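Good morning, and thank you for coming. Please look at the sequence and the structure on the screen while I describe them.

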Amino acid sequence: MAVREVVHYGDPILRKVCKPVKDFKNLPPLIDDMFHTMYEESGIGLAANQIGVDLNLFIIDISDIEDEVESVHIFINGEILNSSGESWFEEGCLSIPEVRLEVKRPEFIQFKYQDESGNEHIEEMSGLLARAIQHEIDHLKGVFITDRVTKTVKMTVEKDLKMIAEGAATRAKTRKAFIL
Ligand code: CO
């Protein structure tokens, strides 16, 4: 169990399409670390590549915000099959600290995923859960909230993005130095 470093905007791992999970046996320690990290950073969702792991896996916990029966979610090899409707919501991202952007997304989704045991599920989701899922699915495809807004809106946060990316590049170099 450990809190891991959250990778920031500008780090190449966040622009990759993540590999599907094939081996479910070794997931529990990784999922454990992801929850520790997400709670430490006060996030409501976290994708595996946000802690530098190239796997199609993300977690969500919106229990503080919405009274759900099932509040803690683990989604593996997720895929949005259908979506409809439209809503606007201000989103933040643990990989882009301090930046908030109004993002338009479908309101309803039909979502296919596997659980920790590899069992497949197809569910209909809406509201905050549907939104959080779409945000994390974007991460696993290398997409940021900054890609979901117009150029004009993106320009308003360009300075912050540049600073975050410079920090991410420095941290990526330091990490490599440790591996050597
Ligand atoms: Co994010």
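Predicted model: local features only at pLDDT ≥ 70, side-chain atom pairs only at ≥ 80, totals over all residues.

Let me begin with a term: a residue is called buried if its relative accessible area is under 20%, exposed if that area is over 50%, and partly exposed in between, with a 1.4 Å probe and protein chains only. By this definition Asp-23 is partly exposed, because its relative accessible area is 37%.

Residues are numbered from 1 along each chain as its sequence is written, and side-chain values use heavy atoms, with hydrogens and water left out.

We start with the whole chain. It contains four helices and seven strands; helices (H or I, at least four residues) and strands (E, at least two) are DSSP runs, numbered from the N terminus. The order along the sequence is α-β-β-β-β-β-β-β-α-α-α. The C-alpha trace spans about 40 × 40 × 30 Å along its principal axes. For 180 residues, a compact globule would have a radius of gyration near 16 Å, and the chain agrees because its own value is 16 Å. That radius is taken over C-alpha atoms, and the globule rule is 2.2 Å times the number of residues to the power 0.38. Of the 180 residues in the chain, 45% are buried.

Contacts give another view of the chain, where contact means heavy atoms within 4.5 Å. If we take contacts between residues at least 6 apart in sequence, 66% of them join residues at least 24 apart.

Next, the sheet. Which strands form it, and in what order? Five strands make an open sheet, ordered β1-β2-β3-β6-β7, with antiparallel pairing; two strands count as paired if DSSP finds at least two bridges between them. At the edges are β1 (45-47) and β7 (120-126), each of which pairs on one side only. From one strand to the next, the twist averages 40°. Three bridges join β1 to β2 (residues 57-61) in the antiparallel sense, and Gly-45 stands opposite Ile-60 in β2.

Two helices lie across these strands. Helix α1 (residues 27-40) lies across β1, β2 and β3 (72-84), at about 45° to β2. Helix α2 (residues 127-140) lies across β1, β2, β3, β6 (108-114) and β7, and runs at about 150° to β2. For such angles, axes are lines fitted to C-alpha atoms, for helices over the stretch in contact, and angles run from 0 to 180 degrees between N-to-C directions.

I turn now to the metal. Which residues coordinate the cobalt ion? They are Cys-93 through SG, His-135 through NE2 and His-139 through NE2, at 2.1 to 2.3 Å. Donors are N, O and S atoms within 2.8 Å of the metal (3.2 Å for Na, K and Ca), and sites may look incomplete because water is not among the atoms. The donor residues follow the spacing C-x41-H-x3-H in sequence. Distant parts of the chain are linked here: Cys-93 is in the loop between β4 (87-91) and β5 (101-105), and His-139 is in helix α2, 46 residues apart. Cys-93 is buried at a relative accessible area of 10%, and His-139 is buried at 1%.

Another buried residue is Thr-146, with a relative accessible area of 2%. Thr-146 sits in the loop between α2 and α3 (151-155). Apart from neighbours within four places in sequence, Thr-146 is in contact with Tyr-9, Ile-96, Leu-101, Lys-154 and Leu-161.

Finally, the salt bridges. A salt bridge is a side-chain nitrogen of Lys or Arg within 4 Å of a carboxyl oxygen of Asp or Glu, and the structure holds 13 of them. One joins Asp-54 to Lys-16, with the closest N and O atoms 3.0 Å apart. Asp-54 is in the loop between β1 and β2 and Lys-16 is in the segment before α1, so this pair ties together parts 38 residues apart in sequence. Asp-54 also forms a salt bridge with Lys-19, at 3.2 Å between the closest N and O atoms. Asp-54 is buried, with a relative accessible area of 15%, whereas Lys-16 is partly exposed at 39%. Lys-25 forms a salt bridge with Asp-23, the residue from my opening definition, with closest N and O atoms 3.7 Å apart. Lys-25 itself is exposed, at 68% relative accessibility. A network of salt bridges links Glu-91, Arg-105, Arg-131, Asp-138 and Arg-148.

Thank you for your attention.
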